[in-house]
Amino acid sequence: MPEVTVEQELRCDVLVIGTEGTGARAAIEAAEQGADVLAVTKGQVARSGATLTADGEIDVDSRSIREVFGLGGSPDDSPEQFARDMIIEGDYLADQRLVAIHTEEAPARVKELLDWGAPLVGFFQAPGHSYPRGLWIPGLKIAHTLARQLRKRAIPVLENTMVLELLSDGEGVQGAIALHLPTGRLLLLRSRAVILATGGAMRAWPLITAPEELTGDGLAMAMRCGAAVQEMEFPMFLPYAFVAPPALRGVIFPYDVSALLRVHALNRHGDRYMARWDPQRLEGTTRDINSVAAAMEIREGRGSPTGGTFLSFEHLPRNLVEFSAEWFPGNMRNWRAGGFQLQQFMPQFREEAWEVAPACHFWNGGMRITEHCATNVRGLFAAGEGTAGIHGANRLAGNALTMTQVWGKRAGNAAASFARSVEHRDLSGTLLSDTRDKVLHLLSGSVGPSVVEVRQEIRRIARESVWIVREEESLVEGLSAISSLRDQLRTQSVQCRDLRFNRELVEALQNENMLDVLEAVTRASLARRESRGAMYRLDYPRTDDHRWLCNLVVQHKDGQWTLREEAVKERYVPLPRGQRTYGDKGGRRDASE
Amino acid sequence: MPRSEPRVITVRIRRGAGQENELATYQVPVEAGVSVLGVLLHIYDHLDTTLAFHCSCRIGLCSACLVRVNGKVVRACTTLADDNMLIEPYKDAARIRDLAAELPSLVGYSGRLHEVRR
């Protein structure tokens with residue numbers, strides 16, 4: 001039996017959990033405000049997390065692209081117009097006040113990145129945007145840029161350290177308990193304020209574009225100490241991720257190609273099925289509608305053998321496809337997808353359609369926050385992916401990276417200010433010994449299901465009950481399966497007794513977090529009896545603004561789940577009334593019109 | 001994509017901590033076009049859950065899955081698997097256990113506890 005020891009505690013003013021786009025930006029700002037900051041990450045800085053995987057754009061309004069960045073943006077755009085697009089394409093669930101802050105502050109935040117040395121490699125217009133707003137700064141470069149700033153400011157970072165629970169006494173949060181993965185030691189991290197910058201729980205689904213770490217740890221921990229979450233029913237899927245060959249599973253079909261090239265999405269009959277969903281924009285529609293359409297083709301038996309749909313160049317003469325690599329600027333030139341050279345797969349791709357399927361990509365909802373990134377739990381702040389209000393039911397392309405910078409800085413500022421106003425309290429309680437007991441119990445050789453089996457069951461439930469297209473019967477089945485699985489969590493059988501980088505132990509702890517988040521998703525999906533944005537209900541296929549123009553707020557405390565509805569407030573974008581066909585968001589304005 | 005029946009490949013992995021040099025041999029069924037990372041994940045999921053290794057983005061960007069395959073340092077996720085592979089930690093000095101190593105930190109404090117304790 002391995003010994004689990006507790007290291008001497010570490011103290012700071014502001015504890016930042018997550019160190020990539022959002023967390024790094026929050027840590028930098030909190031330090032600028034004079035706070036003593038400690039940042040902690042499950043992986044390593046700029047070598048883990050979602051930011052570095054964003055191989056696309058960071059968006060600001062097109063007028064600022066012209067005025068602040070000196071590129072050919074459109075003078076007709078404005079932060080207000082950008083905000084209107086976000087609210088409409090988010091299917092009206094976003095918090096209009098937060099969105100206005102987002103688009104107003106975006107240019108200054110992105111300019112900072114360039115001033116800190118991040119390279120701007122191009123700009124373009126992505127689907128759903130009325131104007132070209134996509135500044136192309138590779139996510140990996142953003143991560144490296146922010147890492148340099150952390151280093152320059154000598155902000156201490158604990159790498160390879162997984163936070164397990166927040167230190168909370170019912171009156172607020174003051175720190176966390178963490179597992180140092182290289183040694184298996186538990187750490188007590190005491191702080192006056194905590195910022196969660198931990199992202200979503202995409203890894204609960206079988207096909208994902210997100211990295212390994214995104215298991216909903218922050219969301220689950222926050223919920224366990226009473227934090228309210230909303231828009232949990234809208235995990236975002238990208239319609240076109242490779243399903244074959246195995247090495248490419250979950251790799252995004254080169255975004256620029258699907259956006260800029262006339263690539264056709266086909267079902268197994270060769271029908272260009274998007275014509276039934278968005279006859280004008282076809283594949284150029286937003287990603288929520290593309291994903292719903294693909295999921296319906298697959299569900300109704302018109303998909304590919306591996307459970308996807310097809311992307312085809314067949315409408316282009318083959319000797320033209322030969323030149324396709326030259327049609328795009330920047331890193332598309334060599335047919336790269338992430339770090340993959342797709343060139344090696346080109347002989348097949350020239351001959352055949354590409355098999356792709358929707359993959360879980362991003363968390364549109366999450367913790368309910370104020371404009372100062374405060375959650376409803378005192379001392380707990382949150383920003384970036386895993387917070388709600390910015391994207392509503394669907395995120396516009398390019399806003400994930402913008403979100404990291406705008407809201408990371410706001411969280412850092414607010415948490416530093418809060419930390420000045422409170423003293424460290426002694427939140428000893430039993431949480432530390434409870435957590436230690438939990439880890440020891442997992443290592444004690446239980447005879448329950450294996451960690452891998454539990455993870456596979458979580459993914460089965462996610463795929464069958466809360467994939468893109470849902471209905472009451474399978475949602476109810478999902479809740480029941482979640483409940484059975486919950487009973488087995490404590491008896492997960494961890495075979496590996498070595499505490500050093502014990503992958504099984506980490507997965508066992510992550511399984512609990514994923515299951516908590518999955519239950520919130522399932523409960524919210526069951527409650528929302530309509531189809532909107534990233535969620536399609538087969539039994540309620542219309543978008544019902546009369547009944548469902550509200551945020552479903554979920555809380556999970558002491559084993560009890562509660563749901564309440566908060567009406568969306570109309571501020572500067574008029575809210576629709578009545579009912580409409582799914583996908584018809586109205587108020588759309590294309591620059592070409 | 002043309003599909004082929006899974007074949008079984010032989011994979012040797014250098015296991016242990018520090019300088020330990022225990023070679024474990026696995027027989028792994030693979031489809032055509034599987035990556036080295038896919039092989040490691042298969043071993044962990046189906047054959048041996050005690051194997052320590054890292055991965056994060058799985059698309060060739062983060063470098064968390066650096067390993068040495070037949071003597072050459074590569075990213076496990078973007079390298080296609082082959083029969084008779086020898087997989088080792090990317091660098092012995094950075095190794096914690098099996099294939100899991102700490103990469104050089106890009107921030108000043110490398111995550112070692114004594115450096116952040118005040």
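Student: Which residue in β18(A) is the bridge partner of Ala241(A)?

Tutor: The bridge partner of Ala241(A) in β18(A) is Ala357(A). Please note that this is a predicted model, in which local features need pLDDT of at least 70, side-chain atom pairs count only at pLDDT 80 or more, and totals for chains, interfaces and linings use all residues. Residues are numbered from 1 along each chain as its sequence is written, while chains are lettered from A and ligands numbered from 1 in the order in which they are written.

Student: And what is the partner of Phe242(A) in β18(A)?

Tutor: Phe242(A) has Val356(A) as its bridge partner in β18(A). Strands here are DSSP runs of E with at least two residues, and helices are DSSP runs of H or I with at least four residues, numbered from the N terminus.

Student: Over how many bridges do β13(A) and β18(A) pair?

Tutor: β13(A) and β18(A), the latter covering residues 354-363, pair in the antiparallel sense over 6 bridges. Two strands count as paired if DSSP finds at least two bridges between them.

Student: What is the order of the 4 strands in that open sheet?

Tutor: The order is β13-β18-β15-β14 in chain A, with antiparallel pairing. β13 (235-242) and β14 (264-266) of chain A stand at the edges with a single partner strand each, so one side of each has no neighbour in the sheet. On average, neighbouring strands of this sheet are turned by 40° against each other, direction ignored.

Student: Why is β13(A) largely enclosed?

Tutor: 8 of the 8 residues of β13(A) are buried, so the rest of the structure largely encloses this strand. A residue is buried if 20 or more other C-beta atoms lie within 10 Å of its own, exposed if 12 or fewer, and partly exposed in between, with C-beta atoms placed from the backbone.

Student: Which helix lies across β13, β14, β15 and β18 of chain A?

Tutor: Helix α8 (residues 287-299) of chain A lies across these strands and runs at about 65° to β13(A). Axes are lines fitted to C-alpha atoms, for helices over the stretch in contact, and angles run from 0 to 180 degrees between N-to-C directions. Two residues are in contact if their C-beta atoms, placed from the backbone, lie within 7 Å.

Student: Changing topic: how far apart are the end C-alpha atoms of helix α11 of chain A?

Tutor: The end C-alpha atoms of α11(A) (residues 399-421) are 33 Å apart, which agrees with the 33 Å that its 23 residues should span at 1.5 Å a residue. The expected span is 1.5 Å times one less than the number of residues. 19 of the 23 residues of α11(A) are buried, so this helix is largely enclosed by the rest of the structure.

Student: At what angle do α4(A) and α11(A) pack?

Tutor: Helix α4 (residues 96-115) of chain A and α11(A) pack at an angle of about 100°, with their axes 9 Å apart. The two helices are therefore roughly perpendicular to each other. Angles under 35 degrees count as roughly parallel, over 145 as roughly antiparallel, 65 to 115 as roughly perpendicular and the rest as oblique.

Student: Which residues in α4(A) meet α11(A)?

Tutor: Among them are His102(A), Glu105(A) and Arg109(A), and those in α11(A) include Thr402(A) and Lys409(A). Ala, Val, Leu, Ile, Met, Phe, Trp, Tyr, Cys and Pro count as nonpolar, Asp, Glu, Lys and Arg as charged, and the others, Gly among them, as polar.

Student: On to chain B: how many helices and strands are there?

Tutor: Chain B has 2 helices and 7 strands, which run β-β-α-β-β-β-β-β-α from the N terminus on. Of the 118 residues in chain B, 46% are buried.

Student: How many residues does the contact take from chain B and from chain A?

Tutor: The contact takes 42 residues from chain B and 49 residues from chain A. On the side of chain B that touches chain A, the largest share, 3 residues, comes from α1(B). By class, that side of chain B has 22 nonpolar, 13 polar and 7 charged residues.

Student: Is Leu99(B) buried or exposed?

Tutor: Leu99(B) is buried, with 25 other C-beta atoms within 10 Å. Leu99(B) lies in the loop between β6 and β7 (100-101) of chain B. Leaving out residues up to four places away in sequence, Leu99(B) touches residues including Ile13(B), Phe53(B) and Pro89(B).
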